[in-house]
Amino acid sequence: MATMITYEIADVTCMLCGRLCGTAKREGQGTPLYFRSREGGEWRQVRAISGLRCPSCGGSLYLDEFELKREFTAEAFLEEDAARPRRGRPPRPFRIPSQAA
Ligand SMILES: [Zn+2]
C-alpha cells in the first residue's frame, strides 16, 4: 500500500537576470515534468524547462538540481486517523430505565 509519495523538486531560475521564476517537479528521472510559476497557480506539464521564458526579461530558464522530497498522501493521513483509538466521548453512563414505558 503506497501511503508515501516521493517526488523531486527544483528551482527554476532565469539565466539572464537570475530571478527565481518558479519551481519544477517530477516523480523521478524520465517522468513528466511539471512547472509552476513563482506567482503560484496550477502545476502544468511542460516538455522542457528550456521551452519556458522568464516573465521579466524573456531570458531562458534553467533548472537547479533536483531535490528528493517525500510526502504522505491524504490516504495515509486517513488511515492513521482510523488506526488511532478514538478519543472524545467517554462511554455513556447506564441509562436509568424510564418508568413510563
Ligand atoms: Zn529574467
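What follows is a short exchange about how the terms apply to this predicted model.

Trainee: What are the ground rules here?

Mentor: Local features need pLDDT of at least 70, side-chain atom pairs count only at pLDDT 80 or more, and totals for chains, interfaces and linings use all residues of this predicted model. Residues are numbered from 1 along each chain as its sequence is written.

Trainee: How many helices and strands does the chain have?

Mentor: There are 1 helix and 6 strands. Helices (H or I, at least four residues) and strands (E, at least two) are DSSP runs, numbered from the N terminus. The order along the sequence is β-β-β-β-β-β-α.

Trainee: Why is Gly 22 called buried?

Mentor: Gly 22 has 25 other C-beta atoms within 10 Å. A residue is buried if 20 or more other C-beta atoms lie within 10 Å of its own, exposed if 12 or fewer, and partly exposed in between; C-beta atoms are placed from the backbone. So Gly 22 counts as buried. Of the 101 residues of the chain, 7% are in that class.

Trainee: What makes S1 and S2 a pair?

Mentor: Two strands pair if DSSP finds at least two bridges between them. S1 and S2 have 6 bridges, in the antiparallel sense. They therefore pair. Val 12 stands opposite Gly 22 in S2. The C-alpha atoms of these two residues are 5.1 Å apart, with 10 residues of separation in sequence.

Trainee: Which residues make up the largest nonpolar core?

Mentor: Val 12, Cys 14, Cys 21, Ala 24, Phe 35 and Leu 61, 6 residues in all. A nonpolar core is a set of buried Ala, Val, Leu, Ile, Met, Phe, Trp, Tyr and Cys residues joined through C-beta atoms within 7 Å.

Trainee: What does Val 12 contact beyond its sequence neighbours?

Mentor: Leaving aside neighbours within four places, its contacts (C-beta atoms, placed from the backbone, within 7 Å) include Cys 21, Ala 24, Phe 35 and Leu 61.

Definitions and conventions. Two residues are in contact if their C-beta atoms, placed from the backbone, lie within 7 Å.
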